[in-house]
Each structure stands twice: as C-alpha cells, then as structure tokens.
Amino acid sequence: MKTVIIGGGSLDADVANSVIGNEECLLIAADRGLDYCRLIHRKPDVAIGDFDSVSTGTRNLLDSIEEKGVKLIRLDPVKDDSDLEAAFDYVLENTVEGDIYLLGATGTRLDHVIGNLSLLRLAARHDRHCYIVDRNNRIRLIRGGETVVIKKCEQYGSYVSLLPVFGRCEGVRATGVYYPLDNAIVGDGKYYFTLTISNEITSPMASFSVGKGMLILIEAKD
C-alpha cells in the first residue's frame with residue numbers, strides 16, 4: 001500500500017487528488033498539510049506536527065480531530081527535524097513496504113526543498129521508493145546499480161534531468177534520449193555537474209542508470 005505525505009509547501013489540488021487517487025493508501029498530514037487535506041476534502045489517517053503553521057480554523061479543531069478517526073501526534077516546536085521529516089520517520093517506523101509520495105514538499109522555501117531531497121536518500125536506505133511530486137516536477141532517486149525506465153507516453157513533462165546532488169556518480173547511462181550517455185562520470189568537482197540537465201526523451205522508452213553513486217532524477221514541465 002502506498003503512502004502519501006502532505007507537507008506545508010506549495011500544493012496543487014488536482015495533482016494531489018491524482019496522486020492520492022481512489023485506491024487505499026496511508027494519508028499523512030504534516031503540520032500545514034492538515035489545512036491542505038481540508039482544502040482537497042481528504043481525511044488523513046495521521047496528522048503529525050507542532051501545528052504552528054496551520055490556520056486558526058484548523059488549530060481550533062485539533063482537540064476534536066481524533067474523534068473523526070484521525071491519529072493525532074503533537075510534536076514539541078523545539079525539535080531537531082522538520083514536521084515533514086517527522087512524518088517520514090513515522091512512515092518508516094510503521095510500514096515496511098509500498099512507495100512513498102511527498103506532496104507539498106517544494107515551494108518558495110529553498111532550504112526546505114533541499115532538505116526534503118535528502119528524504120529520497122533516506123527512503124533508499126530503507127529500500128523504499130520515494131517520489132516528490134508537484135505541479136511541474138516529479139522527482140525520484142536512482143541508486144547505484146539501479147535502472148529507471150520511463151515511457152515517453154507516461155513521462156511527467158518534457159524534460160528529464162539527472163543531478164549528482166549526493167556526490168560523484170560513475171557509470172551514468174541514458175538511452176532513448178536526445179543526449180545519450182554511456183558510462184559518464186558526473187559530480188565530484190573534476191567532472192560535470194550540469195552535463196545531465198534538461199535532456200529529452202526521443203524514443204518510445206528511455207532508461208537511466210548509474211553504476212556507482214546516487215542521482216536525483218527530475219521529470220520537469222516547462
């Protein structure tokens with residue numbers, strides 16, 4: 001069963017409802033994500049956070065939210081992790097399988113966006129696949145030895161970028177694209193950091209892989 005976590009960043013209602021869908025899933029609201037759940041008319045299974053960012057109307061409902069069948073986890077505002085990371089940790093501690101989707105994980109706070117990218121790496125350490133999705137991007141991680149295949153008819157936008165955010169990557173390959181790669185090295189100061197930005201899928205199916213290291217894969221709309 002997949003898990004969807006809604007954070008307090010930018011959220012598009014249509015995208016959110018598309019990701020959540022109508023199938024059974026574990027829906028978690030992280031702090032202001034509770035406001036977003038109200039906006040898209042979805043009842044979360046769990047609400048977690050210090051709730052310092054929710055609206056006044058939502059704050060007034062917190063004491064009664066458990067009566068509606070929502071598990072409420074209040075966090076101390078003085079803490080080391082963000083509300084979204086606390087929600088992510090909850091998922092890793094309480095589920096053992098299924099993809100994880102992060103909504104409201106991007107926006108104007110670049111510090112939070114960059115921090116949230118690290119959650120993709122955390123998911124990989126637990127052998128879980130994680131996706132950050134917003135109106136213009138779908139973001140995932142490619143681990144060393146892993147291949148990701150994208151059908152052109154199912155791609156999210158027109159562009160595909162591979163970013164060596166976590167350091168040197170060896171054996172980077174990309175096929176079925178305008179700028180193919182074969183055993184490339186990116187991301188350690190001596191080699192390219194931007195070589196793998198803004199590629200385009202030209203075949204019915206494209207594949208991306210890295211032999212050693214971890215790459216962020218971003219499918220982007222213009």
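Two residues are in contact when heavy atoms of theirs lie within 4.5 Å. This briefing uses that meaning for a predicted model. Glycine 107, for example, touches Ser10 and Val113 when residues up to four places away in sequence are not counted.

**Glycine 107**

- Glycine 107 is found in the loop that runs between strand E5 and helix H5 (110–125).
- Its relative accessible area is 31%, so glycine 107 is partly exposed.
- Glycine 107 and glycine 9 are 98 residues apart in sequence, yet their C-alpha atoms are 5.1 Å apart in space.

- Strand E1 (residues 3–6) runs parallel to E5, and four bridges join the two.
- E1 also pairs with E2 in the parallel sense, over four bridges.
- Isoleucine 5 has a bridge partner on each of these strands: leucine 102 in E5 and isoleucine 28 in E2.
- Strand E2 (residues 26–30) is largely enclosed by the rest of the structure, because five of its five residues are buried.

- Strand E12 (residues 205–210) has five of its six residues buried, so E12 is largely enclosed by the rest of the structure.
- Strand E8 (residues 146–151) pairs with E12 in the antiparallel sense, over six bridges.
- Strand E10 (residues 169–175) also pairs with E12 in the antiparallel sense, over three bridges.
- Serine 207 in E12 is the bridge partner of valine 149, and threonine 175 stands opposite serine 207 too.

**Serine 161**

- Serine 161 lies in strand E9 (residues 159–163).
- With a relative accessible area of 11%, serine 161 is buried, because the cut-off for buried is under 20%.
- The side chain of serine 161 reaches the backbone nitrogen of serine 198 at 2.7 Å.
- Leaving aside neighbours within four places in sequence, serine 161 is in contact with Thr196, Ile197, Ser198, Ile216, Leu217 and Ile218.

**Aromatic rings**

- The count of aromatic pairs comes to two.
- The ring centres of tyrosine 101 and tyrosine 131 are 5.0 Å apart and the planes are at 15 degrees, so this pair is stacked; the cut-off for stacking is under 30 degrees.
- Tyrosine 101 is in strand E5 (residues 100–103) and tyrosine 131 is in strand E6 (residues 130–133), so the pair ties together parts that are 30 residues apart in sequence.
- Tyrosine 131 has 14% relative accessibility and therefore counts as buried.
- Tyrosine 178 and tyrosine 179 form an edge-to-face pair, with 4.8 Å centre to centre and 80 degrees between the planes.
- Tyrosine 178 and tyrosine 179 are both exposed.
- The charged end of lysine 2 sits over the ring of tyrosine 101, 5.6 Å from the ring centre.
- Lysine 221 lies over the face of tyrosine 156, at 4.5 Å from the ring centre.

**Cysteines**

- The structure holds zero disulfides.
- Cysteine 130 is in no disulfide, and the nearest cysteine sulfur, that of cysteine 25, is 14 Å away.
- A disulfide would need the two sulfur atoms within 2.5 Å.
- Cysteine 130 counts as buried because its relative accessibility is 5%.
- Cysteine 153 counts as exposed because its relative accessibility is 70%.

Notes
Residues numbered from 1 in each chain as written. Heavy atoms only, no water. Phe/Tyr/Trp six-rings, centres within 6.5 Å; stacked < 30°, edge-to-face > 60°. Buried < 20%, exposed > 50% of the residue type's maximum accessible area, 1.4 Å probe, protein only. Lys NZ or Arg CZ within 6 Å of the ring centre and 35° of its normal. Polar contact = N/O pair within 3.5 Å; in protein donor to acceptor, adjacent residues only side chain to side chain. Pairing = 2+ DSSP bridges.
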